[in-house]
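Me: Take a look at this entry with me. I have some questions on how it is put together.

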Amino acid sequence: MEYKVLSNGIKMPMVGFGVFQVDDQKVCEQAVLDAIEVGYRSIDTAATYLNEEAYGKSTGQVMLRWLIQRDVIVIPKSVKKERMKQNIDVFDFELAAEDMEKIATMDTGKSTIHDPQDLETARWIGTFAVS
Ligand SMILES: NC(=O)c1ccc[n+]([C@@H]2O[C@H](COP(=O)([O-])OP(=O)(O)OC[C@H]3O[C@@H](n4cnc5c(N)ncnc54)[C@H](OP(=O)(O)O)[C@@H]3O)[C@@H](O)[C@H]2O)c1
């Protein structure tokens with residue numbers, strides 16, 4: 001491994017291991033163990049990756065819980081039975097106020113499918129009106 005010496009004197013490996021988007025808690029834990037075993041010594045983590053073990057729940061469960069705690073009714077779709085089970089298993093934990101706020105900062109305020117505020121989109125949706 002080669003290293004870079006940072007301005008504070010810390011020797012940082014030129015290659016680290018990233019865990020962003022490794023949503024499943026168990027997969028994430030095993031991936032980090034495997035990474036250490038094969039020689040990685042720098043593991044990039046962040047609370048905003050939502051895969052830290054604070055609640056012992058998956059990212060999907062944390063996101064659903066965030067909505068439910070804001071009084072939003074949810075209708076998650078999944079064709080996988082394991083995820084269906086996960087998505088309904090969200091009533092035995094509570095997100096702390098500071099985590100609620102952190103997650104809120106990730107909201108871009110925009111739909112990933114279509115923007116109902118957009119005139120063309122509104123017209124297009126109107127074409128599906130049932131007579
Ligand atoms: N009335 C309306 O205007 C309207 C508009 C949009 C949506 N909807 C309804 O809302 C439902 C949900 O739609 P949405 O767009 O909000 O989709 P969503 O439920 O947010 O996301 C569905 C996607 O997330 C995955 N997923 C589900 N549970 C997961 C988990 N625990 N971990 C990781 N990934 C997970 C699913 O993949 P897998 O299937 O592979 O698990 C699927 O690809 C729709 O099916 C529909 O019934 C209604």
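Predicted model: local features only at pLDDT ≥ 70, side-chain atom pairs only at ≥ 80, totals over all residues.

Me: How far apart are the C-alpha centres of domain 1 and domain 2?
Reply: The chain is divided into domain 1, residues 1-53, and domain 2, residues 55-108. Contact between them involves 8 residues of domain 1 and 7 residues of domain 2. The C-alpha centres of the two domains lie apart by 25 Å.

Me: On the side of domain 1 that touches domain 2, how do the residues divide by class?
Reply: Domain 1 puts 8 residues in contact with domain 2. That side of domain 1 divides into 2 nonpolar, 3 polar and 3 charged.

Me: Against which helices do the buried residues of helix 2 pack?
Reply: Helix 2 spans residues 59-69. Its buried residues are Gln61, Leu64, Arg65 and Trp66. Residues three or four places apart in an α-helix point the same way, because a turn takes 3.6 residues. The packing partners of the buried residues are helix 3 and helix 4 (97-104).

Me: At what angle do the axes of helix 2 and helix 3 cross?
Reply: Two numbers describe a packed helix pair: the distance between the axes and the angle between them. For helix 2 and helix 3, the crossing is right-handed. Their axes come within 9 Å, and the crossing angle is roughly 35°.

Me: Which residues of helix 3 meet helix 2?
Reply: By class, this contact has 1 nonpolar, 4 polar and 1 charged residues. From helix 2 come Gly60, Gln61 and Leu64. In helix 3 they meet Arg83, Gln86 and Asn87.

Me: Which helix gives the most to the shell around the ligand?
Reply: The ligand is surrounded by residues including Asp23, Ser58, Gly60, Ile75, Pro76 and Lys77. Also among them are Arg83, Gln86 and Asn87. The helix that gives the most, with 3 residues at 81-88, is helix 3.

Me: How many residues of the ligand shell are charged?
Reply: Asp23, Lys77, Lys80 and Arg83 are among the residues surrounding the ligand. The shell also divides into 3 nonpolar and 5 polar residues. The charged ones number 4.

Me: Is Val79 buried or exposed?
Reply: Val79 is one of the residues surrounding the ligand. It is found in the loop between helix 2 and helix 3. The cut-off for this class is 12 or fewer C-beta neighbours within 10 Å. Val79 has 6, so it counts as exposed.

Me: How far is Val79 from Asp99 in space?
Reply: In sequence, Val79 and Asp99 are 20 residues apart. In space, C-alpha to C-alpha, the separation is 29 Å.

Me: Where does Gln21 lie?
Reply: Gln21 is not a glycine but has a positive phi of about 75°. It is exposed, because 10 other C-beta atoms lie within 10 Å. Gln21 lies in the loop between strand 3 (17-18) and helix 1.

Me: How far apart in space are Gly39 and Phe17?
Reply: Gly39 sits in the loop between helix 1 (25-38) and strand 4 (43-44). With 10 other C-beta atoms within 10 Å, Gly39 is exposed. Gly39 and Phe17 are 22 residues apart in sequence. Their C-alpha separation in space is 10.0 Å.

How values were computed:
Residues numbered from 1 in each chain as written. Near = placed C-beta within 6 Å. Helix = DSSP H or I, 4+ residues; strand = E, 2+ residues; numbered from the N terminus. Nonpolar A, V, L, I, M, F, W, Y, C, P; charged D, E, K, R; others polar. Buried ≥ 20, exposed ≤ 12 C-beta atoms within 10 Å, placed from the backbone. Contact = placed C-beta atoms within 7 Å. Domains from an automatic or database assignment. Axes fitted to C-alpha atoms, helices over the stretch in contact; angles between N-to-C directions. Left-handed = near helix turned anticlockwise from the far one by under 90°.
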